[in-house]
Amino acid sequence: MAAVATETPFHVLAVDDSLPDRKLIERLLKTSSFHVTTVDSGSKALQFLGLLQDEDSPVSVHADQLDVAVNLIITDYCMPDMTGYDLLKKIKESSSLRDIPVVIMSSDNIPSRINR
């Protein structure tokens with residue numbers, strides 16, 4: 001009997017402080033059979049990716065999360081505490097995560113922000 005190969009689903013990390021926007025992104029991506037993880041801030045995204053340690057959580061929690069492969073990160077630009085651009089910079093500074101594509105969304109039509 002041949003073993004059935006299971007393909008790991010494409011995993012998207014969606015970062016947005018707006019719950020309706022997170023739910024919309026999640027619903028749209030799940031219709032394409034993507035695995036979706038949602039968080040509501042840049043700092044929680046960094047925690048999930050293992051780049052920022054939560055003061056209230058033991059280190060072992062983060063070690064487990066490092067095994068989760070993320071194939072794409074979609075983030076809102078305008079969020080409190082950390083913008084999507086700041087999150088992008090932190091991810092690109094990491095040697096283990098810098099190759100993950102990051103898409104930054106914004107409903108603002110600000111040319112200087114778009115050019116950056």
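Residues are numbered from 1 along each chain as its sequence is written. In this predicted model, local features need pLDDT of at least 70 and side-chain atom pairs count only at pLDDT 80 or more, while totals for chains, interfaces and linings use all residues; side-chain values use heavy atoms, with hydrogens and water left out.

**Strand 3**

Select residues 72–76, which form strand 3. Helices (H or I, at least four residues) and strands (E, at least two) are DSSP runs, numbered from the N terminus. Five of the five residues here are buried, so strand 3 is largely enclosed by the rest of the structure. Buried means under 20% relative accessible area, exposed over 50%, and partly exposed in between, with a 1.4 Å probe and protein chains only. Leu72, Ile74 and Asp76 lie on one side of the strand, Ile73 and Thr75 on the other, and both faces are covered.

**Its partners**

Val12 stands opposite Leu72. Between strand 3 and strand 4 the chain passes through helix 4, in a right-handed β-α-β crossover. Right-handed means that, with the strands pointing away from the viewer, the path from the first strand over the helix to the second runs clockwise.

**The cores**

Now show the largest nonpolar core, which has 19 residues. A nonpolar core is a set of buried Ala, Val, Leu, Ile, Met, Phe, Trp, Tyr and Cys residues joined through side-chain atoms within 4.5 Å. Among those with the most contacts inside this core are Leu13, Val15, Ile73 and Leu87. Strand 1, helix 2 (42–48) and helix 4 (84–93) each give two or more residues, and helix 4 gives the most, with four.

Centre on Val15. Beyond its neighbours within four places in sequence, its contacts (heavy atoms within 4.5 Å) include Val39, Ala45, Ile73, Met79 and Leu87. A second, separate core of seven residues includes Ile25, Leu29, Leu72 and Ile74.

**The aromatic pair**

Finish at Phe10 and Phe34. Rings of Phe, Tyr and Trp (its six-membered ring) pair if their centres lie within 6.5 Å; planes under 30 degrees apart count as stacked, over 60 as edge-to-face and the rest as tilted. The count comes to one aromatic pair. The ring centres of Phe10 and Phe34 are 5.1 Å apart and their planes at 45 degrees, so the pair is tilted. Phe10 is in the segment before strand 1 (11–15) and Phe34 in the loop between helix 1 (19–30) and strand 2 (35–39), 24 residues apart. Phe10, at 36% relative accessibility, is partly exposed; Phe34, at 28%, is partly exposed too.

Technical notes
Pairing = 2+ DSSP bridges.
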